[in-house]
Amino acid sequence: MTKLKSIADADVAGKRVLVRADLNVPVADGKVSDATRLERILSGLNDLSARKARVVVISHFGRPKGGPDPKMSLAPVAAKLAELLGKPVQFVDACIGDKAEDAVSRLAPGDIAVLENLRFHAGEEKNDAEFVAALARSGDVFVNDAFSAAHRAHASTEGLARVLPAYAGPLMLEEISALLAVLDKPERPVAALIGGAKVSSKIPILKHLIGKVDKLIIGGGMANTFLMSHGVDIGKSLAEPDFVDTAREIMAAAKAQGCAVVLPEDAVIAREFKSGVAHAVVPMLAVPSDALILDVGPKSVEHMARVLTECRTLLWNGPLGAFEIEPFGNGTFALARAAAKLTREGKLTTVAGGGDTVAALNAAGATQDFTYVSTAGGAFLEWLEGRELPGVAALARAQG
């Protein structure tokens, strides 16, 4: 963080400021259906506009194959951004070349434009030097305000920081500060709640966290693999038998580093995975051989909530059960509300991230009470693994 230069400290008046934002939002029938990511960048864009910068927003959108695709144009996103900003936003149906450069040259100080989908050009994902140079011709200054894309070494996330004066945007700094607060300089004790379906997808995260946190709460389908490693019969529940030894290794490493692992004590079970199906709560040692574990039970929630009262910081990634299907979200929702209450009372700093996590917290009505909820997805997970993010590293190396 000490190496990152903030755009707040730069002179931007009259300058063409290329802002790498994340405009990759859900669009249905030509309309943005969830504007959360757009709402997060509004204050940064408004600040640059107020400081008389000529603001040029660039972003990827979806995964177009082999060139331009009208279905993946940023035009509807630019329209929604204008609506949220309450001011005109010019959309330019090119991101490089004469059309883009001419449109940018005509911007007045304070104006905002959105250029077309960067991924319409193969050079974006290849971080091609010629494509980087073509993008740079539309800017005097580069701002990366897309932490969610910082795990990719693309032209717009890493390349531009090498050829233009480069700065971190406010959302980038906000995201990094939140993650540093839970993993690098936390108020202890620290708990991490890691859920989701598979241990295999979270092994690097678990191995990194056991050296960082005091309590590791494991939920979701991945908890079943850990339970199997203790010899618990989990019936027909989702699990990864090939990773039972890995689970044992993680438990042993956690114990050696003084990290207490918390597993579910009871479960909500059913014979089918569908909404409204007959279900029951059973002790974890009494799961029927023909049953599926689909959520943690009330004793597990009570225990996990008690663990949170003993902590000062919580990192949350992943649900405790199949929260998308009624009634198997109750465990996740109850613990989310307990964490939210502790946060409101000033007893717990709570940082959460990951797509399913955000959806679960939204469903629980807990998002607004958490200290910080990241929309970053892949970058959030790679940070939890302890990996260097190319977009952040490029800013740290850049000379503003």
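Student: Where is Leu74 found?
Tutor: In this predicted model, Leu74 is found in the loop between strand β4 (54–58) and helix α2.

Student: Why does Leu74 count as buried?
Tutor: A residue is called buried when its relative accessible area is under 20%, and Leu74 has a relative accessibility of 0%, so Leu74 counts as buried.

Student: Which residues does Leu74 touch, not counting residues up to four places away in sequence?
Tutor: Contact here asks for heavy atoms within 4.5 Å, and on that basis Leu74 touches Leu23, Ser59, His60, Phe61, Phe91, Val114, Leu115, Glu116 and Asn117.

Student: Where in the chain do Trp316 and Phe370 lie?
Tutor: Trp316 belongs to strand β15 (residues 313–317), whereas Phe370 is in the loop between α13 (355–364) and β17 (372–374), so that the pair links distant parts of the chain, 54 residues apart. Both Trp316 and Phe370 are buried.

Student: How do you know that Arg40 lies over the face of Tyr372?
Tutor: The distance is one part of the test, as CZ of Arg has to be within 6 Å of the ring centre, and the other part is a direction within 35 degrees of the ring normal. Arg40 is at 5.5 Å from the ring centre of Tyr372, and it is listed as lying over the face.

Student: What makes helix α9 (residues 221–229) mostly covered?
Tutor: Of the 9 residues in α9, 8 are buried, among them Met222, Phe226 and Leu227. These buried residues pack against β9 (190–194), α8 (203–209), β10 (215–218), α10 (244–256) and β14 (292–296). Just after α9, Gly231 takes a positive phi of about 85°.

Student: At what angle do helix α1 (residues 36–50) and helix α2 (residues 75–85) pack?
Tutor: The angle is about 65°, with the axes of α1 and α2 10 Å apart, and their crossing is right-handed. By class, the contact has 8 nonpolar, 1 polar and 2 charged residues.

Conventions: Residues are numbered from 1 along each chain as its sequence is written. This is a predicted model: local features need pLDDT of at least 70, side-chain atom pairs count only at pLDDT 80 or more; totals for chains, interfaces and linings use all residues. Side-chain values use heavy atoms; hydrogens and water are left out. Axes are lines fitted to C-alpha atoms, for helices over the stretch in contact, and angles run from 0 to 180 degrees between N-to-C directions. Helices (H or I, at least four residues) and strands (E, at least two) are DSSP runs, numbered from the N terminus. A crossing is left-handed if the near helix is turned anticlockwise from the far one by less than a right angle, and right-handed if clockwise. Ala, Val, Leu, Ile, Met, Phe, Trp, Tyr, Cys and Pro count as nonpolar, Asp, Glu, Lys and Arg as charged, and the others, Gly among them, as polar. Buried means under 20% relative accessible area, exposed over 50%, partly exposed in between (1.4 Å probe, protein chains only).
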